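I am opening a notebook on a structure that is new to me. My plan is to look things up one at a time and jot down what I find.

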Amino acid sequence: MSIPNTPYKIYLEENEIPKFWYNVRADMKTKPAPLLNPGTLKPMTAEDLAPVFCEELVAQELNDTDREIPIPQEIQDFYKMYRPSPLTHAVFLEKALDTPAHIYYKFEGNNTSGSHKLNSAIAQAYYAKKQGLKGVTTETGAGQWGTALSMACAFFGLDCRVYMVKVSYEQKPFRREVMRTYGAAVTPSPSDTTEIGRKILAEHPGTTGSLGCAISEAVEAAVSNEGYRYVLGSVLNQVLLHQSVIGLETQAALKKYGIKPDVIIGCAGGGSNLGGLISPFMGEKLRGEADYDIIAVEPASCPSLTRGRFVYDFCDTGMVTPLAKMYTLGHDFIPSANHAGGLRYHGMSPILSQLYHDGYMRAVSVEQTSVFKAAEMFARTEGILPAPESSHAIRAAIDEALKCRETGEEKTIVFGLTGTGYFDMVAYEQFNNGTMRDYIPTDADLEKGFASIPKIDL
């Protein structure tokens, strides 16, 4: 295919920031299965969700019909601090790979929180403030979500309580201190400050924690304190909705120069970045307007899509959240302490799970050392030190570009660069020292997690 000459960075104008979020569920032929009440196993209603989530976020969570959801003006104004974000033509990476492929990346790390997570954090904080709440509770893995939420809460004057996965709490003290600088209280999870945390510690002594553990503690803290609600940085429908600004801007920037992508790639943990990037393109695919090769990239140490099961499971280790039908490794699965903390989740967004199950995208898993080799190459060619999570997408983009070199195909590849890796230097140190190790769970390891999946006959 012929690609027009484009600038190294493609910027939209401020007035081109999206005014609406795109709801991909409206175009899905098979909608994501409803969340189930863990007590009754009936679909969750707005009344069921109201004690845990903000009222307007509940409405967004349950909305399967409206294609466009207006972005409140206050959120649009906040977005102007760091949006629109650049779409960069990776010409130096292309040259290093000696590939006929054209590679572009949407960079979401150009804000103080350092990642795409701020797109949803500010929306959820806005709705909490509008409802008159005192504060919110949440979990965080690598720390990007906790950082973004603490920043958003500081903007609206809300209290913020963050349960940070213990391994990340210990590996990333500076990320923790950014949260505290914004006024958040940060607790390593699992902790002895909640009933669920104490139970997990008793059952798994010495555990490094997981997002499932941290979610359990954050939910308990929210429902136990008047004037608080729980907010989540990934997985949920509402989060993918807010993150659609990534894909909408990417789509607009490509169309501005007449560029049609062939391959779209995102890292996959719970689904916030991947879902946000691909949603508008997936909408075109669902409506029969275009076709794309969409790739989800996950760590080989936590392979929910590539080796998981598509069933109803709890979203948390403590079994206090609703059940979601998703690709899961089992809510009791605790992945190895790899450095892509934001991808260490046992399940996958119900939206993305359904789309994957229906064959609209594919998934690959990659080993940690291979991911950091890709991160190193990207840093040396494109001048950005990428987050370990983002580097999974870089790995897959490089692999696709190398295939083009072998076949001579001139494909256009677009991937999401979720954020920067400047708080991940312990990981880079281990990679540079040659002490980083790969861990791939055996079938027997996965069976232990699968054993925790509830037997539900619907």
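**Ground rules**

I am working with a predicted model, where local features need pLDDT of at least 70 and side-chain atom pairs count only at pLDDT 80 or more, while totals for chains, interfaces and linings use all residues. Residues are numbered from 1 along each chain as its sequence is written, and side-chain values use heavy atoms, with hydrogens and water left out.

**Entry: salt bridges**

How many salt bridges does the structure hold? I find 24 salt bridges, taking one to be a side-chain nitrogen of Lys or Arg within 4 Å of a carboxyl oxygen of Asp or Glu.

I looked up arginine 67 and found a salt bridge with aspartate 27, the closest N and O atoms being 2.6 Å apart. This pair links distant parts of the chain, 40 residues apart. Arginine 67 sits in the loop between α2 (55–62) and β3 (68–70), and aspartate 27 in the loop between β2 (20–22) and α1 (46–49). A note on these labels: helices (H or I, at least four residues) and strands (E, at least two) are DSSP runs, numbered from the N terminus.

Are the two partners buried or exposed? Arginine 67 counts as partly exposed because its relative accessibility is 39%, and aspartate 27 counts as buried because its value is 9%. For the cut-offs, buried means under 20% relative accessible area, exposed over 50%, and partly exposed in between (1.4 Å probe, protein chains only).

Next I picked lysine 130, which forms a salt bridge with glutamate 56, the closest N and O atoms being 2.7 Å apart. Lysine 130 lies in helix α5 (residues 118–130) and glutamate 56 in helix α2, so the pair ties together parts that are 74 residues apart in sequence. Lysine 130 is exposed at 51% relative accessible area, and glutamate 56 is partly exposed at 35%.

Glutamate 400 is buried, with a relative accessible area of 7%, while lysine 403 is partly exposed at 43%. I also noted a network in which salt bridges that share partners join Asp27, Arg67, Arg287 and Glu289.

Which residues does a cis peptide bond join? I find proline 84 in the loop between α3 (73–79) and β4 (87–89). Another joins serine 189 and proline 190, with omega about 5 degrees. Proline 190 is in the loop between β8 (185–189) and α9 (195–203).

I then checked phi. Leucine 41 has a positive phi of about 60 degrees although it is not a glycine. Leucine 41 lies in the loop between β2 and α1, and is partly exposed, with a relative accessible area of 34%. Methionine 319 also has a positive phi of about 60 degrees without being a glycine. I located methionine 319 in the loop between β12 (309–314) and β13 (323–328), partly exposed at 39% relative accessible area.

**Entry: a helix pair**

A reminder to myself: two packed helices are described by the angle between their axes and the distance between the axes.

Helix α11 (residues 237–256) and helix α12 (residues 272–286) pack at an angle of about 55 degrees, with their axes 6 Å apart. The axes are lines fitted to C-alpha atoms, for helices over the stretch in contact, and angles run from 0 to 180 degrees between N-to-C directions. α11 and α12 are therefore oblique to each other; angles under 35 degrees count as roughly parallel, over 145 as roughly antiparallel, 65 to 115 as roughly perpendicular and the rest as oblique.

Which residues meet here? Those in α11 include Val239, Leu240, Ser244 and Leu248, and those in α12 include Gly276, Leu277, Pro280 and Phe281, with contact meaning heavy atoms within 4.5 Å.

I finished with serine 244, found in helix α11. Serine 244 is buried, at 0% relative accessibility. Not counting residues up to four places away in sequence, serine 244 touches Trp21, Tyr22, Gly276 and Pro280.
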